[in-house]
Amino acid sequence: MDGVPPLIDQYSHGAVHGELGLGSFESHLAGAVGAHGPAPAGTSYFDSFTGLAIRRWCPPLLGLEPHCPPARYLARRREVGAYQAGRLLLRGSGIGTFLLEAGTPSELTSATEMATAAEARAHEVVRLEPLAEQVADTSGSVDSFIGNTAEALYAAAQHATAFASGAGYCDGHAPEAGEVRRAADRWLRARRPGDRLTEPALVRHLLWSGVATGLPVQLHCPDPQRLAAFLRATTGIGSDLVLLPAAPHHRRAAQLAAAHAHVYADTGPHPEETLPHAPFGKLLFSSGARGLPELYVTGARFFLRAMERLVREWTGEGVCGPEDGRRITGMIASGTARRVYRLGAETA
Amino acid sequence: MDGVPPLIDQYSHGAVHGELGLGSFESHLAGAVGAHGPAPAGTSYFDSFTGLAIRRWCPPLLGLEPHCPPARYLARRREVGAYQAGRLLLRGSGIGTFLLEAGTPSELTSATEMATAAEARAHEVVRLEPLAEQVADTSGSVDSFIGNTAEALYAAAQHATAFASGAGYCDGHAPEAGEVRRAADRWLRARRPGDRLTEPALVRHLLWSGVATGLPVQLHCPDPQRLAAFLRATTGIGSDLVLLPAAPHHRRAAQLAAAHAHVYADTGPHPEETLPHAPFGKLLFSSGARGLPELYVTGARFFLRAMERLVREWTGEGVCGPEDGRRITGMIASGTARRVYRLGAETA
Amino acid sequence: MDGVPPLIDQYSHGAVHGELGLGSFESHLAGAVGAHGPAPAGTSYFDSFTGLAIRRWCPPLLGLEPHCPPARYLARRREVGAYQAGRLLLRGSGIGTFLLEAGTPSELTSATEMATAAEARAHEVVRLEPLAEQVADTSGSVDSFIGNTAEALYAAAQHATAFASGAGYCDGHAPEAGEVRRAADRWLRARRPGDRLTEPALVRHLLWSGVATGLPVQLHCPDPQRLAAFLRATTGIGSDLVLLPAAPHHRRAAQLAAAHAHVYADTGPHPEETLPHAPFGKLLFSSGARGLPELYVTGARFFLRAMERLVREWTGEGVCGPEDGRRITGMIASGTARRVYRLGAETA
């Protein structure tokens, strides 16, 4: 879209940067279409919305025609080399700044590696639960676990751009010290190496601790309505909150963002569902990509095409002028993220 | 849309008719986009679907170009005077008949004031809970409260066009006298001045009493499915019922309207969600506006533009002829409301 | 749509083949728009999406102009004769293979009658609950009921193309023998002639028995999420499962189809809602028609028009080439059904 500055992708994970055999490409693609394991006999994950989009937008970045057969594309990818292909794809994605969720497994690029590969800026978003899991590995008692977690969180706040929480539910009060201690005791006793932190009171304690740092907090919430009391209770505290809901809750997330001055909502790559339900200044783009470099490209293209289509419809019906359209696209594409995450003019 | 007679707006509240400073305009606009308080720094509620629509359709009614900057529009509004601006906007809305929910606060226009300001017809819809709240203020005992409520309801039925209820849930049986007495006793004891009536058994008692008058009853139901047993039980009683659901329940409301001969569904300003799911004769337009005269304009324009777009798509694909399109639009825009609310030919 | 082979309609019931008076035509049409009984005074079920579609696509199959008035169409229908009109409509529907749910009442065509009337192929899908109800009519004890049901199911598996279940909920374990016996005892004792089988443990027992035959099983599930544990537990068992959800759960059905290699989802006549949420190879068309021959025509036309529109949008935006569009349409229209239901090349 002409006149739209580079995107800020407010939520994604790292990309794979090793070589990808045909099988592992398909298995990464499976994840992107919500599947597990290989496609049923006679079908291919390339026959999906995401698959069509990859075939449309990625071959040209590797010097091929759009829509070339998947086998030809994968051959070209191997020919170029996975590392170089990843660079070409990421640099062609139109994304100028990545907010990467940290604590990603080592097979995925770190923020620093991503910045280099994509010739872009990349910042860390620290997920709260893995941070506490790491602390638990080295803490001998409930007291040291709670204290060390607070320190780790404080340390992370010095360099992180935002925190992220997986709390599916949170009410309007931080859990009391006694409740947190009992929950920590329960979890530490039952815990085996590699266990994820899902103890509800601890997850909520982490969330309230994250909010207390004043950094923005991303909320991965299947149903944002279950955070309604928490959103009300955090009004005026100083932290901005960004809802990243699961389908079909995008509309509700947008409405909650509309209702609270400090709450924002993720549009993902498909802004159609949120756009009518919140002021445009409360919405932020993300690709949600992970793994295949192709997915940052398709996430960004899906988003820009949808915005172009919406703006074309509105201007066609006279509802807005072309300048308003560009301005609104720019807000969702990067302007609001720059303000909420205090990114300054670095990505201009 | 050519050939569409003036709209009947089956649900709205009064408009503000005093002067509006810049701050109070923004705070009314906030309400219309689902927000509270001022927009976050760096954003404006004009950057929203409703804001774009105001900028598109309202400036021309005050002699300005569409899409002029908000500041210019507000300056012009003050120049014209709030009272005269309100008249120009309401008269330009394309709405010929308003069904206003009564019991509105005094800062909003009554039905009579609305009729004068808009040069239109305006009828009262009496909300049942506030009517009982007023009775409670002057009733000394449970018995007198119940008796006086029945009388007030009977009196209201003589002049009202319809009743409205906020019952979120209602089953298939009117609550028994003893249950109503106990609920009234509980509520009257606990009640402090200004308290809203939310005691479930009383709310359901009012609803069944409203239905017994034979007038149409509007049902403000977040989730219409919770009224399913009530809808079944009222078949053939003689009262028509009109569902006004909250998003995302419009489709379900339309399906319930399809299923029951005496049930109808509100389309609001966005008929796309209900239209495919009920016979067209079961759907009624409303703006749902309150406060800003601009919102009646945008509600009506959103509705007519959406109907135009839908009819254009259908005729483009050959699914209907242009006459059918006009006829269907006319049914939803006014024809069905005229029949359900027995408005005669007054608005033709 | 050029180049699309005859459709496979993976789910419908028989058509009426007797004469239809005006009243019974309206009452069949009522069922198709989700209504019961006659339309309210002043309205007609022809004023609905389905009604418009009938007026658009059916008159030409009987030698009339599209959009002719309903009265004229019904007169022509009587003139031609119901039997011959049914043949003309079914043969003009574009459906080459019907999968008819068996156990339909005698007023509806059987698979054999349908094949003759439509000059098409027709296969039986055996609904599990009615099969057990018939067994119950002739079984004297719990033991004989359970044994005879197993035999009837085995016999049905020899000729049926698939089974269908109405289990709204099913978890990850087949009910144990004792639980099945107790449920059967409870149901057989309470049962009166004509009672439907709704005893949950029996319904789940039938479903697990159906899956054990290896035939595909259609799952009529209002909310597919309530089958999630069952879908996980049946991975690798060998039976394919096809979800037929109620609105608004099509998206969730598509996501579950994406997630499990052996799970598929019905698109019904409106593929827009499922298409973005699953690989295209996991989706199957159905008309869902019952009764009026007109409904097979409108189901098929709705589907093909929607696919044409989607493919036109995608190719217009360059997201896919025309060949991919035809190929994807062909998969959903018939290719996947042919594979899942092992229909061979008969319908090519």
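Tutor: Gladly. Let us start with a term: buried area is the accessible area, taken with a 1.4 Å probe, that two parts lose on being put together, summed over both. Please keep in mind that this is a predicted model.

Student: What makes the area between chain A and chain B a buried area, and how much is there?

Tutor: Chain A and chain B bury about 1,900 Å² between them, and this counts as buried because it is accessible area lost on being put together, summed over both. Carbon and sulfur atoms carry 55% of it. On the chain A side, Arg251(A), Glu317(A) and Val319(A) supply 29% of the area buried against chain B, more than any other three residues.

Student: Why is the pair Asp47(B) and Arg327(A) called a salt bridge?

Tutor: The N to O distance between their side chains is 2.8 Å. The cut-off is 4 Å between a side-chain nitrogen of Lys or Arg and a carboxyl oxygen of Asp or Glu, so this pair qualifies. Between chain A and chain B the count is 4 salt bridges. There are also 9 residue pairs in polar contact across that interface, both residues at pLDDT 80 or more.

Student: Which element of chain A gives the largest share of the side that touches chain B?

Tutor: That is H13(A), with 5 residues. The elements giving two or more residues to this side are helix H11 (250-259) and helix H13 (322-340) of chain A. By class, the side has 13 nonpolar, 4 polar and 6 charged residues.

Student: Now to chain C. How many residues of chain A are in contact with it?

Tutor: 22 residues of chain A are in contact with 23 residues of chain C. The two chains bury about 1,900 Å² between them. In chain A, Asp47(A), Phe49(A) and Leu52(A) lose the most area to chain C, together 31% of what that side buries.

Student: How do you know that Glu317(C) and Arg309(A) form a salt bridge?

Tutor: Set the value against the rule: their side chains meet at 2.9 Å, N to O. An Arg nitrogen within 4 Å of a Glu carboxyl oxygen meets the definition, so the name applies. The rule finds 4 salt bridges across the interface of chain A and chain C.

Student: And which helix gives the most to the side of chain A that touches chain C?

Tutor: H2(A) does, with 5 residues. By class, that side has 10 nonpolar, 5 polar and 7 charged residues.

Terms used
Residues numbered from 1 in each chain as written. Chains lettered and ligands numbered in written order. Predicted model: local features only at pLDDT ≥ 70, side-chain atom pairs only at ≥ 80, totals over all residues. Heavy atoms only, no water. Polar contact = N/O pair within 3.5 Å; in protein donor to acceptor, adjacent residues only side chain to side chain. Helix = DSSP H or I, 4+ residues; strand = E, 2+ residues; numbered from the N terminus. Nonpolar A, V, L, I, M, F, W, Y, C, P; charged D, E, K, R; others polar. Contact = heavy atoms within 4.5 Å.
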